[in-house]
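Here are my notes on the two-chain model you sent over.

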Amino acid sequence: MAMSAARAGAEAEVRTRLPDVAALAAALDGVDYLADPGLATAMFLAVRLPQPLLLEGEPGVGKTEAAKALARALDTPLFRLQCFEGIDAAEALYEWNHPRQLLGIRLAEARGAALDEDDLFGPDYLLRRPLLQAIEHAGPRPAVLLLDEIDRADAEFEAFTFEVLAEAAVTVPELGTIRAAHPPIVVLTSNRTRDLHDALTRRCLYHWIDYPTPERVAEIVRRRVPGSEEPLAVAAATAVTRLRSLDLVKPPGIAEVIDWVAALGVLGLFELDAAAVEASWGSVLKNRDDHELARTRGAAWLAGA
Amino acid sequence: MPDLPAVAPGPLAVAFTTALHRAGLPVTPERAAGLTRALQLVPPVDRGALYWACRVSLVTDRAQLPVFDAVFSAVFDGLLDPADSRGDPTAPPSIGSEPRTGPSAADDRPAREGPAAASGVGTSSSGNGAEGEREVLLAAASAEERLHTTSFADLTAEELESVRHLVRRLVIGTPERSSRRTRPSRRAGARLDLRRTVRTAQRTGGDPVRLVHARRRTQPRRLVLLCDVSGSMEPYTRVYLTLLQGAVAGARAEAFVFATRLTRLTRQLAIRNADQALARAGATASDWAGGTRLAEGIGRFVADHGRRGLARGAVVVVLSDGWARDDPEDVAEAMRRLRRLAHRIVWVNPRKAAPGFAPLAGGMAAALPYCDALVSGHSLTALDEVVAAVREDILG
């Protein structure tokens, strides 16, 4: 496999830092990200094997957060490329800074200085985009490259990206080939708005993130919202689980629980009763139909009274 | 920790992937090699570790999980102490929790049969018995003309086969929308492409002699087809599936079928050999010719696929007679949600062709207010109407 040549196993530094799955889970825990055994195993393999990790799951289960946490746990930068329809190499890889080149020409003319073409196509005039940044990253550990919502980019871009990552090198005609000293750890997220290409899924490790149990959500909330009390976090997590049992247009995710607990804190409410729910519907339900549906059940039902 | 039989990662990976392959999962030798490496890194000290290493390395889609879990359970649970996984939330379910195995389960389904045998399906009621009578009719009208105007339900097996060949050639095109990408344009008045202008200016010593304008490219809208394959639609299903197949292969459409539950068939239909595609589709969707749950089918589509972006700005074609078991109110709700996402909804109801048809069937009546067009699509000629409705040539 092409990618194994590029990232021939993890480097010694990474290996000693993360000897096994438990070590990674602990490191993630240390940066306040709770990973269940499945996700921890998936991320561990992505770090140690030369394979990207494809994460899928409902919106709001922490796909993007997982990549960020991995970067923090490894103490290495995260380069994030948000994909969108029509994204191309200039937005993902690099682009020449033409306005600046032009300015350079004018300045040189004004000063009467000699100007070489090489001066204009030097590293100073190169605009580096996330893919190139991740490949250029100087170490000591590989950077984490997050390709967010890869399904939004078109299939051609997907193929191009994987070509670059497989080589772990970028060729800029004017500068030559830039080869990665530390090929990045690649995490992709997808919502499956289109079927991903076989070539992509074949190369990737795959993990589906399930919505966690209320206890786990409460634990995540307690860590993410400073000063939140455990009973409130547990109550909010349970209430959201209850909400998710309804047929909602937009079922609230972990992010909504966090927002909700934070909002309750701002409102000075420390107990989740019917009144508190009435005051803060908007933090959890962000769709009018959902609002109405939940209201027919009543605030007391949601509060668990 | 249970006593795991000492098995080297390599043979274990090969044996397990073989079992998965037999169950119909797309596992390649490359994946087996991947699993071997994974098992070297994550020693399978208990069921959980083994499960996750296998799942992360071998599964490529959430839809594969039930089969994967069942095979995992069948292969390993004999070897492992069940007590080890008791109460473990990450433990896979035991065997048979969802009986979805591979192609073998579908051997007796219509779509898996060869073209000759398969063409008898769905027409058996009107088929061979009336052969003699048909000969006379065919002599009267030219065969081609007859093929074009007769309802799919009244065609013989052979005719249906010819119709499917014609349907395969049908080209469905969606209206265009402007995309984010631009292309250079000479027309002034369009947006100025500063970057390109500056780049061309470098050829003229930095003086922008020629201004380059940019115009947005257009792109065809996405096409999504939802086909009802319940019992009442049976006479039409085979032709419609051919239509779906052509749209997937030709117009990059997304195809779903539903009766009691929704199944995405895009991948199965994407291969160009129509009969093979239909066979694979038949193996995947398991509720052919069951009852219809319209609200469930459309609702699932919106919740699991449509809202994630698949239906946004798309042209959605629903092929169904609107006879459903569920509450019309639920159908209306599902359609309302779909309406908000889709650019255009075209409803194809083969019963519309019947004399005196009025969209009164519960589901149909509920769905109608949310449709941009209701066409019959019951015969070849009527399918032209479907094409026109998708292209927005006819309204209402």
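The points below start with the ground rules, then take the interface, chain A and the sheet of chain B.

1. Ground rules. Keep in mind that this is a predicted model, with local features needing pLDDT of at least 70 and side-chain atom pairs counting only at pLDDT 80 or more, while totals for chains, interfaces and linings use all residues. Residues are numbered from 1 along each chain as its sequence is written, and chains are lettered from A and ligands numbered from 1 in the order in which they are written.

2. The interface. Chain A and chain B each put 32 residues into the contact (two residues are in contact if their C-beta atoms, placed from the backbone, lie within 7 Å). On the chain A side, helix 4 gives the most, with seven residues. That side divides into 14 nonpolar, 10 polar and eight charged residues (Ala, Val, Leu, Ile, Met, Phe, Trp, Tyr, Cys and Pro count as nonpolar, Asp, Glu, Lys and Arg as charged, and the others, Gly among them, as polar). Helices and strands here are DSSP runs numbered from the N terminus: H or I of at least four residues, and E of at least two.

3. The axes of helix 4 (residues 37-48) of chain A and helix 3 (residues 47-58) of chain B come within 9 Å and cross at roughly 55°. Axes are lines fitted to C-alpha atoms, for helices over the stretch in contact, and angles run from 0 to 180 degrees between N-to-C directions. The two helices are therefore oblique to each other (under 35 degrees is roughly parallel, over 145 roughly antiparallel, 65 to 115 roughly perpendicular, and the rest oblique). From chain A, A:Pro37, A:Gly38, A:Thr41, A:Ala42 and A:Leu45 meet B:Gly48, B:Trp52, B:Ala53 and B:Val56 of chain B.

4. Chain A and one residue inside it. Chain A has 17 helices and nine strands, and 42% of its 305 residues count as buried (20 or more other C-beta atoms within 10 Å of its own; 12 or fewer is exposed, and in between is partly exposed; C-beta atoms are placed from the backbone). A:Val186, in strand 8 (residues 185-190) of chain A, counts as buried with 27 C-beta neighbours inside 10 Å. Leaving aside neighbours within four places in sequence, A:Val186 is in contact with A:Pro52, A:Leu145, A:Leu147 and A:Leu165.

5. The sheet of chain B. Six strands form an open sheet in the order 6-5-4-7-8-9, with mixed pairing (two strands pair if DSSP finds at least two bridges between them). Strand 6 (262-264) and strand 9 (373-375) of chain B stand at the edges with a single partner strand each, so one side of each lacks a neighbour in the sheet. The twist averages 20° from one strand to the next.

6. Strand 4 of chain B. Strand 4 pairs in the parallel sense over five bridges with strand 7 (residues 315-319) of chain B, where B:Val224 stands opposite B:Val316. Strand 5 (residues 254-258) of chain B also pairs with strand 4 in the parallel sense over five bridges, and there B:Val257 is the bridge partner of B:Cys227. Helix 10 (residues 234-251) of chain B lies across strand 4, strand 5 and strand 7, running at about 165° to strand 4.
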